[in-house]
Amino acid sequence: MNIRSSLGRPHTHSGNYTSPSSSTVTKHPPRIKWWPVVLSVSFSSKEIKAGKDPLAALRARLEDTDIKAVNNYVIGETTHVVQGKRNTAKGLQALINGKYIVTDSFIDALIYATTPSDLDHDESLSPLEEDFDRNWPDAMQHVPPRGNEPRERPVEKFAPDPGRSNVFEGYTVVFCDKAQFESLQAPITNGGGKALYFQLKSLQTTTDELVGFVKNVAGEKGLGELEDGSEGKGVVVVKFRGSKDDFDWAAQLGRDASLALDLRFIEQNEFMDAILMNDASVLRRPLEVAEDDGKPQSKLSVASPG
């Protein structure tokens with residue numbers, strides 16, 4: 001069965017139409033809807049390092065359905081992100097663009113729905129051919145389980161929501177970790193925000209240099225606290241962690257810069273909740289109202305080592 005040929009681009013047939021389930025003749029032509037399905041699939045590092053194209057086996061399973069499977073997230077084409085976790089760069093883009101995040105069990109459900117009930121008879125219909133609306137797999141039944149998200153949200157929050165398309169508008173996110181920047185730049189800019197990378201020089205970058213960069217991004221001069229009170233739209237800084245050779249230095253730099261700016265630096269995994277709730281303002285808070293395990297976090301606690 002070819003899903004796209006059965007769903008094709010919207011068009012009508014001229015003349016009378018006879019329903020295949022009855023002899024009734026109607027003047028109303030059937031409407032055929034085009035329903036493209038493009039799966040952006042994530043693979044584990046083990047699968048990628050195996051040396052074989054991890055998409056080959058999947059494409060072989062899908063070849064009779066005309067469903068496309070790709071490795072990257074393609075804006076404007078991807079309809080479902082297939083992965084075992086919710087909180088990934090592809091997952092964030094899916095949420096921003098109003099697409100689904102599903103596990104590979106959704107693929108199994110698609111294969112079942114497009115497979116004729118009796119393969120020995122050419123006339124046998126697949127579940128989708130028998131009743132498309134009832135037998136099309138419900139993507140919300142295949143949402144990945146909760147991972148390291150800071151807050152638990154109901155599965156219903158993962159339903160596509162076009163209103164999230166500009167969730168980061170007015171926000172500039174500063175990264176000091178290149179891997180984080182390269183991973184999250186796409187979803188942030190896709191959500192209407194800006195992402196910038198500030199390169200740290202191990203054991204050399206000073207607090208004033210980092211603070212000065214953040215202040216400049218905010219359109220402010222000099223050093224010291226952000227003039228906007230670290231609330232509302234503006235600059236967000238993502239926490240960074242050094243290597244084993246400069247871990248303590250990086251931690252102290254982050255604490256000192258956060259204290260100087262009076263700005264809570266966020267964890268990488270906090271972006272998902274901001275997108276789910278369609279409210280990026282939760283990413284910007286001054287230290288006085290920042291919370292740690294439900295308790296107010298003071299400037300002193302941020303500045304102290306540990």
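Colleague: Where is Arg164 placed?
Modeller: In this predicted model, Arg164 sits in the loop between α7 (132–135) and β7 (172–175).

Colleague: Which side chain of opposite charge is nearest to Arg164, and how far away is it?
Modeller: That is Asp161, at 4.2 Å; because a salt bridge requires a side-chain nitrogen of Lys or Arg within 4 Å of a carboxyl oxygen of Asp or Glu, Arg164 has no salt bridge, although Arg164 is buried.

Colleague: What backbone oxygen lies 2.5 Å from a polar atom of its side chain?
Modeller: The backbone oxygen of Lys157 lies at that distance from the Arg164 side chain, and Lys157 is also among the residues that Arg164 touches, together with Leu95, Ile96, Ala159, Ile275, Leu276 and Asn278, leaving aside residues up to four places away in sequence.

Colleague: Changing topic, is Thr79 buried or exposed?
Modeller: Thr79 is buried, with a relative accessible area of 16%, and is found in the loop between β4 (68–70) and β5 (80–82).

Colleague: Which side chain makes a polar contact with the side chain of Thr79?
Modeller: The side chain of His80 does, at 2.8 Å; not counting residues up to four places away in sequence, Thr79 touches Pro36, Val37, Val38, Lys99 and Tyr100.

Technical notes
Residues numbered from 1 in each chain as written. Predicted model: local features only at pLDDT ≥ 70, side-chain atom pairs only at ≥ 80, totals over all residues. Heavy atoms only, no water. Helix = DSSP H or I, 4+ residues; strand = E, 2+ residues; numbered from the N terminus. Buried < 20%, exposed > 50% of the residue type's maximum accessible area, 1.4 Å probe, protein only. Polar contact = N/O pair within 3.5 Å; in protein donor to acceptor, adjacent residues only side chain to side chain. Contact = heavy atoms within 4.5 Å. Lys, Arg positive; Asp, Glu negative; His and termini not counted.
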